There are 2 protein chains.
Amino acid sequence: MARLEERTPVQIGLIAESENISQKYLESILLTLRKSGFLGSKKGKGGGYYLLKDPKDIKMSGVMRILEGPIAMVPCVSLNFYEKCDDCPDENACAVHNLMIEVRDSTLNIFNNTSLADLIS
Amino acid sequence: MARLEERTPVQIGLIAESENISQKYLESILLTLRKSGFLGSKKGKGGGYYLLKDPKDIKMSGVMRILEGPIAMVPCVSLNFYEKCDDCPDENACAVHNLMIEVRDSTLNIFNNTSLADLIS
DNA sequence: TATTACCCTATCGGATAACTAGGCTATTGT
DNA sequence: ACAATAGCCTAGTTATCCGATAGGGTAATA
């Protein structure tokens, strides 16, 4: 969709065919993206999905979180999906904790500075 | 173990207790580390596990690969656990591929430049 | 020679995620 | 109006992985 100049609706079937995946499976992915505000949709004949924003304004960090879940390698350093480790008495005393934060930040830095437009160029 | 000055064997039971995990489970982890060359072991009374190298010379990238598997987010950009994507006709044509390589390299850079000694300080 | 402590294999159960299936509903063009 | 189109929704299946467990074996040491 991002490769198209115009912002006209694209049917699920067309994308499924060109990407070699099942139509139904793609449907669930596109539905997720619509619910999270990345895509709009149009029903009926001539309908389909379309991008709501300019590809330049879509950061990969947002897309990744929706489609892949947490960016952090471990839940205890995740910003959006934080979870405490079961048997960890003190995160600050954990030797691995700070290292994981460092990795998270460097990954996040890349995703935040890459747009959908960057990807297709 | 890295925190100890001397390189004397430490018993599984002691570590299991101080880390609040089952002795058997810890055993399987230590066994993995021994087989991959990070730890040595001594049997019989007074035995246990000990580091084979100086903590300064143990890079976290090596430890991570043994305990956590691939560092890359997707197999198709993994250096040590490479796998081709099923329905991908051309990796170079994949929009996500280069992004994932970038992330892999930045993560690897951190793990390569962090030693076990860095972690405990 | 008994005890200690590591060695090895098999397996279980829960969670996750890719993927599928089937039917419903809203929109559109004629 | 109405029939075809195309998205909407929920549930479920299947496969795989991983944390964790169990139990018995073997080598080394005091």
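# Close-up views of a predicted two-chain model

**Figure 1. Chain A as a whole.** Buried residues make up 36% of the 121 residues in chain A. Please keep in mind throughout that this is a predicted model. Chain A has 5 helices and 2 strands, and along the sequence these follow the pattern α-α-β-β-α-α-α. The C-alpha trace spans about 60 × 30 × 25 Å along its principal axes. The radius of gyration of chain A is 18 Å, whereas a compact globule of 121 residues would have one near 14 Å. Among the contacts in chain A with a separation of 6 or more, 55% join residues 24 or more positions apart.

**Figure 2. Confidence along chain A.** The mean pLDDT of chain A is 93, with 100% of its residues at 70 or more. Within chain A, helix H1 (residues 12-19) has the lowest confidence, at a mean of 91. The highest belongs to helix H4 (residues 97-112), at 96.

**Figure 3. How the two chains are related.**

Figure 4. A:Ser106 counts as buried, because its relative accessibility is 19% and the cut-off for buried is under 20%.

**Figure 5. B:Leu99 and its partners in chain A.** B:Leu99 sits in helix H4 (residues 97-112) of chain B. At 3% relative accessibility, B:Leu99 is buried. Sequence neighbours within four places aside, B:Leu99 is in contact with A:Met60, A:Met64, A:Ile110, A:Phe111, A:Thr114 and A:Leu119. For a sense of scale, the C-alpha atoms of B:Leu99 and B:Lys45 are 52 Å apart in space, and these residues are 54 apart in sequence.

**Figure 6. The two faces of helix H1 in chain B.** Helix H1 (residues 12-19) of chain B has the buried residues B:Ile12, B:Ile15 and B:Ala16. Seen down the axis of H1(B), these fall within an arc of 100°, so they line one face of the helix. An α-helix has 3.6 residues a turn, so residues three or four places apart point the same way. The cover over the buried residues of H1(B) includes helix H2 (23-35) and strand E2 (48-51) of chain B. On the face turned away from the buried side, H1(B) carries the exposed residues B:Glu17 and B:Ser18.

**Figure 7. A positive phi after H1 in both chains.** Most residues other than glycine have a negative phi. Just after H1(B), B:Asn20 takes a positive phi of about 60°, although B:Asn20 is not a glycine. B:Asn20 is found in the loop between H1 and H2 of chain B and counts as exposed, at 57% relative accessibility. In chain A, the phi of A:Asn20 is near 65°, again a positive value in a residue other than glycine. A:Asn20 is in the loop between H1 and helix H2 (23-35) of chain A, and it is exposed at 58% relative accessibility.

Figure 8. How many disulfides does the structure hold over all chains? The count is 0. The cysteine sulfur closest to that of A:Cys76 is in A:Cys85, at 3.8 Å, which is too far for a bond. A:Cys76 is buried, with a relative accessible area of 10%. In chain B, the sulfur of B:Cys94 has its closest cysteine sulfur in B:Cys88, and their separation of 5.3 Å is also too far for a bond. B:Cys94 is partly exposed, with a relative accessible area of 29%.

Figure 9. Helix H5 (residues 116-120) of chain B is the place of B:Ala117. Not counting residues up to four places away in sequence, B:Ala117 touches B:Pro55 and B:Lys56. B:Ala117 and B:Ser61 are 56 residues apart in sequence, and 13 Å apart in space from C-alpha to C-alpha.

Note on methods:
Residues are numbered from 1 along each chain as its sequence is written. Chains are lettered from A and ligands numbered from 1 in the order in which they are written. This is a predicted model: local features need pLDDT of at least 70, side-chain atom pairs count only at pLDDT 80 or more; totals for chains, interfaces and linings use all residues. Side-chain values use heavy atoms; hydrogens and water are left out. A disulfide is a pair of cysteine sulfur atoms within 2.5 Å. Buried means under 20% relative accessible area, exposed over 50%, partly exposed in between (1.4 Å probe, protein chains only). pLDDT is the predictor's confidence in each residue, from 0 to 100. Helices (H or I, at least four residues) and strands (E, at least two) are DSSP runs, numbered from the N terminus. Contact means heavy atoms within 4.5 Å. The arc is that of the directions from the helix axis to the C-beta atoms. The radius of gyration is taken over C-alpha atoms; the globule rule is 2.2 Å times the number of residues to the power 0.38.
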